[in-house]
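Please read the following note with the sequence and the model open beside it. The points go from the whole chain to single residues.

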Amino acid sequence: MTKTAITVAYGDGIGPEIMDATLKIMEAAGAQLDIETIEIGEKNYLAGFTSGIKPEAWQSLNSTKVLLKAPITTPSGGGYKSLNVTIRKTLGLYANTRPCVSYYPFVQTKHPVMDMIIVRENEEDTYGGIEHQQTDEVTQCLKLISRPGTEKIVRFAFEYAKAYGRKRVTVMVKDNIMKITDGLFHQVFKEVAKEYPEIETESYIVDIGAARIADTPERFDVVLLPNLYGDIISDIAAQITGSVGLGGSSNIGDNFAMFEAIHGSAPDIAGKGIANPSGLILGAIQMLVYIGQPEVAERIHNAWFKTLEDGIHTGDLYKEDLSKEKVGTKAFAEAVIARLGQRPSTIPAVDYNKESSKRIEIKINETKIAKKELVGVDVFLHFYKDHKNADTLGNGIKNIKSGDFELQLISNRGVKVYPNGNPETFCTDHWSCRFCSLKMDKPGTYADVISITQQLTDAGYDVIKTENLNTFDGKPTFSLGQGQ
Ligand code: NAD
């Protein structure tokens, strides 16, 4: 077998110890790897590289296109950017998968039956980090959900289910509240699902969905989530298997992939030789499948199961009544190596075949260009006079007009407060003033937007930003103020 070039980063804290253990196991199992090492993490941050990675390291990543990464320490204090987010975004790693599996009775858990794969969208949502303070009182974070970004991750979830013989894909969104952003995610899910009639689908509002995962995780198979919910729920799901220390994850893009443990660099136990290398081993197993060495992945995975079954446990898992031997990182790796070629007797053995090793290649549809019409504008103002009184503001700007656009309503934090607001509604200094034709049936032009903001500015109002109100193929695509 020809060797596959990969890039390896030893990371910080327990990183070097668990990476050593993982590489030794892969070598003993016959993995054919040509390893290039890069340095990332704390030292680079402290040397002034704000993303924790030096320019030279990108050369290695660009040539191997596969990174096996140990956890790193992000120094505390401001000014440092998340290395993980930088790598995911720079390399277009849009799909994060985390298998969350219980190994009862060998690992204690309240949920003995659990075998769930979380597929998390990795690039969009609030993770663009596009944030602004807009007034003295109000900050905002932009949540961006795109049709192509969503279509990619939805197709990935279905293709993953197909490749790994999974039966059902469950999506979780909050489209009862975020009808446009989460609504798009849900809509694309429903559209793509039609192309996979052999796979069952279901949808949950994310709050009750998360509660069900915590309560009855055994009923979930593949769970598909937008970025923020996926970040939170995948930690919950990993934790309830009994230990986050057993989680490995992959980050997959069109041309690049990164594999890692889900835990951090555990500085509290670094250098003691007691860390559990299992999370990184499971990440490496996913990597071996990805680079087309599924038989090596299978040997390691089954030997790892057997080690757990034989009660050879690192300190984080050790329980007197369950475990036989408490071992450190190195001895655990040696125990796995000694069991290569063996299969577990209680935990179901894995069987990685050619199908699971096939790269998931996603093709998405061209976005349809709709007929777009400007039917109004929300002008956001910073206003605090007269104890932030809605009527004072409304009466002050009610005569401002351009073309058919005139003041229809003012809302504050999404609640309509003018005209005829409820005096009980709590108002901040951040107001959204909607200008449009009264029935929103007469389009205007961007010149109307400019004219309205100019008139407001001339009258002494502090314009923070505008959001155009558009229809796409005649359908309104903006939210109404609560109470409108
Ligand atoms: P952590 O996951 O490092 O540690 C949490 C607890 O779990 C600690 O008590 C630790 O000893 C234990 N633990 C973690 N991994 C273990 C293992 N393999 N074996 C045994 N015990 C283990 O989380 P933290 O303390 O919040 O973060 C420490 C550092 O790691 C921070 O700088 C954080 O930014 C970073 N971090 C990095 C990544 C990553 O690189 N992917 C992920 C999360 C946190």
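**Note on the predicted model**

1. The chain exposes about 22,300 Å², and carbon and sulfur atoms supply 50% of that area; accessible areas come from the Shrake-Rupley method with a 1.4 Å probe, and for residues only the protein chains shown count as cover. This is a predicted model, in which local features need pLDDT of at least 70 and side-chain atom pairs count only at pLDDT 80 or more, while totals for chains, interfaces and linings use all residues. Residues are numbered from 1 along each chain as its sequence is written, and side-chain values use heavy atoms, with hydrogens and water left out.

2. On the overall build, the chain has 15 helices and 21 strands, where helices (H or I, at least four residues) and strands (E, at least two) are DSSP runs numbered from the N terminus. Its C-alpha atoms fill a box of roughly 80 × 55 × 45 Å along the principal axes. Of the 484 residues in the chain, 52% are buried; buried means under 20% relative accessible area, exposed means over 50%, and partly exposed lies in between (1.4 Å probe, protein chains only). Among contacts (heavy atoms within 4.5 Å) between residues at least 6 apart in sequence, 77% join residues at least 24 apart.

3. Which residues come nearest to the ligand? Of the 18 residues around the ligand, these are Ile 72, Gly 264, Ala 266, Asp 268 and Asn 276, a residue being near if one of its heavy atoms lies within 4 Å. By class, this shell has seven nonpolar, seven polar and four charged residues; here Ala, Val, Leu, Ile, Met, Phe, Trp, Tyr, Cys and Pro count as nonpolar, Asp, Glu, Lys and Arg as charged, and the others, Gly among them, as polar.

4. An oxygen atom of the ligand is 2.8 Å from a polar backbone atom of Ala 266, and an oxygen atom of the ligand is 2.9 Å from an N or O atom in the side chain of Asp 268. A nitrogen atom of the ligand lies 2.8 Å from a backbone N or O atom of Asn 276. On its own the ligand has 820 Å² of accessible area, of which the protein covers 63%.

5. The structure holds 13 aromatic pairs, meaning rings of Phe, Tyr and Trp (its six-membered ring) with centres within 6.5 Å, called stacked when the planes are under 30 degrees apart, edge-to-face when over 60 and tilted for the rest. Phe 158 and Tyr 196 form a stacked pair, 4.9 Å centre to centre with 15° between the planes. This pair links distant parts of the chain, 38 residues apart, with Phe 158 in helix 5 (residues 147–163) and Tyr 196 in the loop between helix 6 (181–193) and strand 9 (200–205). Phe 158 counts as buried because its relative accessible area is 0%, and Tyr 196 also counts as buried, at 5%.

6. Asn 227 lies in helix 8 (residues 227–240). Is Asn 227 buried or exposed? Asn 227 counts as buried because its relative accessibility is 0%. Leaving aside residues up to four places away in sequence, Asn 227 touches Arg 120, Glu 121, Asn 122, Glu 123, Glu 124, Asp 125 and Tyr 127.

7. Finally, Gln 187 is found in helix 6 and counts as partly exposed, because its relative accessibility is 36%.

How values were computed. Polar contact = N/O pair within 3.5 Å; in protein donor to acceptor, adjacent residues only side chain to side chain.
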